[in-house]
Amino acid sequence: MIKVSGLRKSFRGQPVLRGVDLEVPDGSITIIIGRSGGGKSVFLKHLLGLLHPDSGRIEVDGVDVTGLRGRALDEVRKRYGVVFQGGALFDSMTCQENVAFPLREKLRLTAAEIARRTDAALDQVGLAGVGDKYPEEVSGGMRKRVAIARALATEPEIVFFDEPTTGLDPVLVNTIHHLILDLHRRLRFTALMVSHEIPEIFEIADRVGMLHDGRILEVGPPATIQSSQNETVRQFIRGEPDTRA
Amino acid sequence: MTEPPIAPVLRPFEGLGRWVIAIVESLGRFGAFFVQALTAAVTPPFKLWPLMGRINYIGFRSLLIILLTGAFTGMVLGLQIFFTLSRFGSEAFLGPAVALTIIRELGPVLSALMVTGRAGSALTAELGIMRITEQIDALTVMALSPMRYLVAPSLLAGLITFPLMTALFDVIGIFGGYLVGVQLLGLSEGTYFGEMQNFVDMGDIMTGFWKSISFGILVTWVCTYKGFHVSRGAEGVAQATTQAVVLSSVLILVWDYFLGSVLP
């Protein structure tokens, strides 16, 4: 389980996270929603150890990882898989090399085993046979799927998704969501996703949390969030215009 | 607790203080980056293929520009020095004059400036794009050190390729001087090379060697640092690339003067 308590972060005196509290149960898909600029990506970067909080605590399976640096932090990261917003594929490598890269560098595997697992990872995202193309030669949707294959190739326990469907058309959004759901059912990883694909995310989430103004306003099962009485949550879910913006 | 307001007369000093602190912090980050890169370069696991890739990128692909600039620098020196020396009836010293100028000064400096323009700028831009497209973050969260995979190979490649390219520049430059002085202006071949043997010693060659090694580290250090810390998208990449080339070029000239004063 990931447990976040009282997470605060300011940049040049400007508070972005004002005390985030959240629990991500093992084996669940937890999705954080919220308006652009609300601190979702900053929050995710704290969980990944790319940013360090001013105060607060992040625990992974009861271990406080907030103050970890260097090799100690890398040991925790070895349990992670991450799908970045733009895919973050290495553009000097083919799709196949991208997927093989963490297997080759992180695990002690034979060349044959790396090839087998790379093919399997590409196959399970429906990209068998396109591995020899470079990221710039494939479509946006395919790039996202390669990124998912790369993140899952090392069979991580926890997978973070940073807006994995941004910039895709509605059909591809649903395709990627159902791919994530299908992979989650098969591999049983703990997933934390940042997204603002409303209402699609309600179909795949076990829990949804609304991050607003640097705090988690409300968190719970999709049905609870969809019927929330909180005005800000309701406004976001319905996509009502903000007259103050 | 809020700080007491500063008297208007002291505000310029406050501004100066902030500026000095920012400079010191920036130098500290610059130094820490070098120590991290050096640590990654000398501790296992060593990444041979990224190093070979960087040697190809920084060294091999710069060969043509080094050959061209070396040849024409030597030819220009041959021409200018010949006419200067002929005023004093000392044309015989053309060989050592060309060789010493190239080996001690122009070889290391010009090849470093050329490689900065060709490979250093590309190095900064490549790392900058990797930063803004989160490829560096992707490496980090894979528990793989970007220093080990991206920065250390460039630093080592600079260390290896700069002296080799300088040596090549020196040889081509000396032959450029030979073409003009001997083949075009009629100086005897024996005089050109014979006097060179008399006046150029190992100390001169080592001066050029140490300069080229230090320029290799300096250029790759500046260019990788600037690329690694890019922010603000495409504009940030453009700005970092310009800063890397300008800063590297200025530091090459400043450091050249310093080493020229210190080395024998």
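Two residues are in contact if their C-beta atoms, placed from the backbone, lie within 7 Å. By this criterion, 14 residues of chain A are in contact with ten residues of chain B. The side of chain A that touches chain B draws at least two residues from each of α2 (70-77), β6 (80-83) and α3 (95-106) of chain A, and α3(A) gives the most, with three residues. Divided by class, the residues on this side of chain A are eight nonpolar, one polar and five charged. Here Ala, Val, Leu, Ile, Met, Phe, Trp, Tyr, Cys and Pro count as nonpolar, Asp, Glu, Lys and Arg as charged, and the others, Gly among them, as polar.

This is a predicted model, in which local features need pLDDT of at least 70 and side-chain atom pairs count only at pLDDT 80 or more, while totals for chains, interfaces and linings use all residues. Residues are numbered from 1 along each chain as its sequence is written, and chains are lettered from A and ligands numbered from 1 in the order in which they are written.

The table sets out the two chains. Helices (H or I, at least four residues) and strands (E, at least two) are DSSP runs, numbered from the N terminus. A residue is buried if 20 or more other C-beta atoms lie within 10 Å of its own, exposed if 12 or fewer, and partly exposed in between, with C-beta atoms placed from the backbone.

| Chain | Elements | C-alpha box along the principal axes | Buried residues |
|---|---|---|---|
| Chain A | nine helices, ten strands | roughly 55 × 40 × 35 Å | 38% of 245 residues |
| Chain B | nine helices, zero strands | roughly 80 × 55 × 30 Å | 43% of 264 residues |

**Chain A.** The radius of gyration, taken over C-alpha atoms, is compared with a globule rule of 2.2 Å times the number of residues to the power 0.38. Chain A has 18 Å, which agrees with the value near 18 Å for a compact globule of 245 residues. Of the contacts in chain A with a separation of 6 or more, 66% are between residues 24 or more positions apart. Helix α1 (residues 40-47) of chain A is mostly covered, with six of its eight residues buried: A:Lys40, A:Val42, A:Phe43, A:Leu44, A:His46 and A:Leu47. Just after α1(A), A:Gly49 adopts a positive phi of about 80°.

**Chain B.** Among contacts in chain B between residues at least 6 apart in sequence, 88% join residues at least 24 apart. The axes of helix α3 (residues 63-87) and helix α6 (residues 146-184) of chain B come within 6 Å and cross at roughly 40°. Axes are lines fitted to C-alpha atoms, for helices over the stretch in contact, and angles run from 0 to 180 degrees between N-to-C directions. Angles under 35 degrees count as roughly parallel, over 145 as roughly antiparallel, 65 to 115 as roughly perpendicular and the rest as oblique; α3(B) and α6(B) are therefore oblique to each other. By class, their contact has 16 nonpolar, eight polar and no charged residues. Among the residues that meet are B:Gly70, B:Gly74 and B:Gly78 in α3(B), and B:Gly173, B:Gly176 and B:Gly177 in α6(B).

Helix α6 of chain B also holds B:Tyr149. B:Tyr149 is partly exposed, with 18 other C-beta atoms within 10 Å. Not counting residues up to four places away in sequence, B:Tyr149 touches B:Lys47, B:Pro50, B:Leu139 and B:Leu144. B:Tyr149 and B:Pro50 are 99 residues apart in sequence and 6.7 Å apart in space, C-alpha to C-alpha.
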